[in-house]
Amino acid sequence: MSEPLARRVFIHPLLEHVGKHRNVLPGVAVLVAVALWGASFAAMKVAITALNPMTVMWARMAIALLCLLPFLPKLAPWRIPRKDIKWVALLVVLQPCLYFLLESHALQYTTSAQAGVVSAILPLLAAFGAWLAFSERLTRIMILGLFVSLMGVAWLTFATQEERTATFPLLGNTLEFAAMVCAAGYMLVIKKLSFTMSSWALTSLQIIAGFIFFSPGAFDVQSLNTLRDPLFLAVVLFLGSCVTLGAFGCYNWAISHMPAARAASAINLIPVVAAGVGCFFLHEDLSLAVCIGGVCVVIGVFLSQYSLLKFES
């Protein structure tokens, strides 16, 4: 088959199909990111059953760094504006350092489903932080939503009893909530830095900082030997390439092609994915306390997102 004929038969129809559904692609990218983030809770839960959390995070950062290495000279900002140095330092401290440190230890004490439910409060914390830092609009409905979600997290934390996969839910959910506070702060800092630095340059800095911060995990000989097991190796490869790079890449691309409020609202699906994956693959129990807490969090987030979308429209 000649090249012009192949182009007419295959390439042109494909390009035409993509052009017609161009507005659908950002939504697909967001859903892919949400699915990967939701599944990452169960993957981390599996990894830390036999591996030191520091080793898991170091391996994640090492894999992500290896994937970025060929593109690093173009991505890395060798000249950071002097006025932004303190903000870049705060960025990498919040995420990946504190965020992943808190979340990896949280999953030692709580289930992946409960951690996923707590993570749903992130958009509300980010909205509240934006009100404090940037004087962005915060309606009464959004405040009500924040309160309802916090009550849901509190119920989930104090009403859940210890079980096989949640040995200390109070500590685990508290650590996960602290991780979400760090993530909300990271979102505010990244918004400030996005005006002067590219998102991929900032991502490369975060991965390099995380690789250095979690480097003590590279000296845990027992955990490194466990990584030879195909199961744990596959889990860490998934976390490093698909989650650390893939999910953030999809979400960053999607948010540049669709309203921010709509992209943020998709994060609300993370607890659903996390609970489903945890229940199906790890046989975690969805107790009444988890369901009630999850419903409260989802209602609170829905109230805030409805208010935000109504305001933007």
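In which helix does A209 lie? In this predicted model, A209 belongs to helix 10, which spans residues 199–213. The protein chain as a whole contains 15 helices and zero strands, and 49% of its 313 residues count as buried. Among the contacts in the protein chain with a separation of 6 or more, 88% are accounted for by residues 24 or more positions apart.

**A209 and its surroundings**

- A209 has a relative accessibility of 19%, and because buried means under 20% relative accessible area, A209 counts as buried.
- When residues up to four places away in sequence are not counted, A209 touches V92 and C97.
- The C-alpha atom of A209 is separated by 8.9 Å from that of M61, although the two residues are 148 residues apart along the chain.

**Helix 3 against helix 5**

- Helix 3, covering residues 53–68, and helix 5, covering residues 85–106, have axes that come within 10 Å and cross at roughly 135°, which makes helix 3 oblique to helix 5.
- The crossing in which helix 3 passes helix 5 is right-handed.
- On the side of helix 3 the contact is made by P53, M54, M57, R60 and M61, while helix 5 contributes P96, F100, L101, S104 and H105.
- Sorted by class, the residues in this contact of helix 3 with helix 5 comprise seven nonpolar, two polar and one charged.

**Helix 7 against helix 9**

- The axes of helix 7, residues 122–134, and helix 9, residues 169–193, come within 9 Å and cross at roughly 50°, so that helix 7 is oblique to helix 9.
- Helix 7 and helix 9 form a right-handed crossing.
- From helix 7, the residues L122, L125, A126, G129, A130, A133 and F134 meet F177, M180, V181, A183, A184, M187, L188 and K191 of helix 9.
- By class, the contact of helix 7 with helix 9 consists of 13 nonpolar residues, one polar residue and one charged residue.

**Helix 6**

- Helix 6, which runs over residues 112–119, is mostly covered, with eight of its eight residues buried.
- The buried residues of helix 6 are S112, A113, Q114, A115, G116, V117, V118 and S119.
- At the start of helix 6, T111 places a side-chain oxygen within 3.1 Å of the backbone nitrogen of Q114, and Q114 is itself one of the buried residues of the helix.

Methods:
Residues are numbered from 1 along each chain as its sequence is written. This is a predicted model: local features need pLDDT of at least 70, side-chain atom pairs count only at pLDDT 80 or more; totals for chains, interfaces and linings use all residues. Side-chain values use heavy atoms; hydrogens and water are left out. Axes are lines fitted to C-alpha atoms, for helices over the stretch in contact, and angles run from 0 to 180 degrees between N-to-C directions. Helices (H or I, at least four residues) and strands (E, at least two) are DSSP runs, numbered from the N terminus. Angles under 35 degrees count as roughly parallel, over 145 as roughly antiparallel, 65 to 115 as roughly perpendicular and the rest as oblique. A crossing is left-handed if the near helix is turned anticlockwise from the far one by less than a right angle, and right-handed if clockwise. Contact means heavy atoms within 4.5 Å. Ala, Val, Leu, Ile, Met, Phe, Trp, Tyr, Cys and Pro count as nonpolar, Asp, Glu, Lys and Arg as charged, and the others, Gly among them, as polar. Buried means under 20% relative accessible area, exposed over 50%, partly exposed in between (1.4 Å probe, protein chains only). A polar contact is a pair of N or O atoms within 3.5 Å; within protein, one must be able to donate a hydrogen and the other to accept it, and residues adjacent in sequence count only if both atoms are side-chain atoms.
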